[in-house]
Amino acid sequence: MDIKNLMVTGGCGFIGSNFIDHLFAKPDFQGRIVNVDKLTYAGNPENLRGIDIKYPGRYIFVKADICDAGLMQEIFDRYDIDAICHFAAESHVDRSIKRPESFIHTNIIGTFNLLEIAKVNQEKFQIFHHISTDEVYGSLGPEGLFTEETPYRPNSPYSASKAASDHLLRAYHETFGLPTTLSNCSNNYGPYQFPEKLIPLVIMNAVEGKPLPVYGDGKNVRDWLYVTDHCEAIWIIMQSGKRGETYNIGGNSEMENIVIVEMICDLLDEMLPLAGKRSRRELITFVKDRPGHDRRYAIDFTKLHRTLGWSPGESFPTGLRKTIRWYLDHTSWIERIKTGEYQQWIKEHYGEG
Ligand code: NAD
Ligand code: DAU
């Protein structure tokens with residue numbers, strides 16, 4: 001596959017920006033990337049600072065909303081798009097519980113717009129890869145794993161909107177023959193994750209000696225994958241995955257939330273000891289549970305491993321240590337998010353709205 005002009009949606013978010021960085025470093029990708037991002041609160045162009053200079057002529061940024069079908073068509077035509085890697089989404093479960101509207105617009109209507117445009121321009125189109133989540137499968141009991149055959153049972157407005165977009169993708173392959181691939185991945189962690197999600201939130205609070213909020217009894221289980229491993233899996237699937245197929249991606253790292261929070265406390269106590277050698281575990285605060293909180297996620301990624309040879313490279317303890325080191329070394333990135341300065345910069349460079 002020789003992609004010339006790849007549209008990456010949501011490329012200023014956490015996984016999207018890691019993906020762009022990862023892909024440009026690969027010798028088997030020589031094309032251009034057109035990063036289409038609306039720059040919501042979660043989109044930060046600073047995640048890709050200097051990328052246009054590092055890869056001259058190969059990176060284009062367009063501030064745009066994927067819900068604007070006319071604008072998406074214009075971008076398709078202007079940049080001769082022949083592939084899409086679709087990350088753009090509202091991604092935070094707690095926000096979807098408080099205000100679901102934008103999840104319905106972006107995750108469902110936005111995905112529909114992109115599928116329609118790809119369908120209409122199909123003769124030159126190589127691949128539409130859609131990034132989805134293990135949350136579409138619902139919640140597991142103490143045993144078992146999600147496979148690609150697990151029925152969809154989404155429990156939050158976020159996961160329901162992602163499930164809807166997955167179904168649309170499937171329909172566009174089955175009905176119109178659009179060359180698609182879909183991946184359902186577990187919880188990512190690593191550099192540039194917006195500090196509303198568990199790991200960066202706990203790191204930041206623990207650095208500042210603030211309470212560390214743990215929902216419910218802290219025994220909910222997630223499977224964790226280092227973001228670069230996810231990026232590599234996506235690229236392998238885009239290149240070699242069977243069109244119309246779904247692939248689960250997981251990290252082989254099932255952890256209770258409370259265990260993760262304790263690990264972060266202990267690592268930070270070692271890397272940045274508190275005065276008087278106090279333990280940061282004292283900061284752990286159990287708070288009201290998330291409504292509809294899925295108890296356990298766990299992923300069987302045998303299909304991806306057996307058919308395409310992928311498996312995660314990073315172990316959770318080493319990945320977590322690297323992640324904490326990154327947050328400790330990037331205090332100005334964090335500061336600009338906390339103070340809202342990054343939003344001010346976006347307004348100055350790209351205007352309001
Ligand atoms: P994120 O919230 O960090 O980034 C989302 C990006 O999409 C932001 O840059 C935002 O500005 C952009 N965006 C939002 N609405 C848009 C719109 N209408 N038009 C254009 N751009 C828009 O999210 P993330 O954690 O990087 O997740 C990326 C994708 O991966 C999502 O589809 C998410 O569902 C999926 N996913 C995430 C995880 C995870 O653990 N973070 C795990 C599995 C799957
Ligand atoms: O499983 C993949 C999903 O992982 C992605 O599809 C989502 O986009 C991504 O946000 C993530 O969803 P989660 O809800 O699992 O991630 P979050 O970091 O919000 O929460 C992880 C777990 O930690 C979850 O069980 C809720 C809990 N939690 C979260 C926060 C923010 C806490 O206990 N305290 C907190 O303050």
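This is a predicted model: local features need pLDDT of at least 70, side-chain atom pairs count only at pLDDT 80 or more; totals for chains, interfaces and linings use all residues.
Reader: Which element gives the largest share of the largest nonpolar core?

Author: This core has 36 residues. Several elements give two or more residues to it, among them α7, β8, α9 and α11. The largest share is eight residues, and it comes from α9.

Reader: Which residues does I324 touch, leaving out those up to four places away in sequence?

Author: I324 is one of the core residues that touch the most other members. It sits in α11, which spans 316-329. Contact here means heavy atoms within 4.5 Å. Beyond its sequence neighbours, I324 touches I203, I264, L267, L268 and M271.

Reader: How many residues make up the second, separate core?

Author: Nonpolar side chains tend to be buried together in soluble globular proteins. Here a second core stands separate and includes I3, I33, I127 and C231. Its size is 25 residues.

Reader: Which element gives the most residues to the shell around ligand 2?

Author: The shell holds 23 residues, with T133, D134, Y158, R290 and H293 the closest. The most, three residues, come from β8.

Reader: Which residue has a backbone N or O atom 2.9 Å from a nitrogen atom of ligand 2?

Author: Side chains reach oxygen atoms of ligand 2: E135 at 2.8 Å and N187 at 2.7 Å. The nitrogen atom lies 2.9 Å from a backbone atom instead, and that atom belongs to P213.

Reader: What percentage of ligand 2's accessible area does the protein cover?

Author: On its own, ligand 2 has 680 Å² of accessible area. Its shell has nine nonpolar, eight polar and six charged residues. The protein covers 94%.

Technical notes
Residues are numbered from 1 along each chain as its sequence is written. Chains are lettered from A and ligands numbered from 1 in the order in which they are written. Side-chain values use heavy atoms; hydrogens and water are left out. A nonpolar core is a set of buried Ala, Val, Leu, Ile, Met, Phe, Trp, Tyr and Cys residues joined through side-chain atoms within 4.5 Å. Buried means under 20% relative accessible area, exposed over 50%, partly exposed in between (1.4 Å probe, protein chains only). Helices (H or I, at least four residues) and strands (E, at least two) are DSSP runs, numbered from the N terminus. A residue is near a molecule or strand if one of its heavy atoms lies within 4 Å of it. A polar contact is a pair of N or O atoms within 3.5 Å; within protein, one must be able to donate a hydrogen and the other to accept it, and residues adjacent in sequence count only if both atoms are side-chain atoms. Accessible areas come from the Shrake-Rupley method with a 1.4 Å probe; for residues, only the protein chains shown count as cover. Ala, Val, Leu, Ile, Met, Phe, Trp, Tyr, Cys and Pro count as nonpolar, Asp, Glu, Lys and Arg as charged, and the others, Gly among them, as polar.
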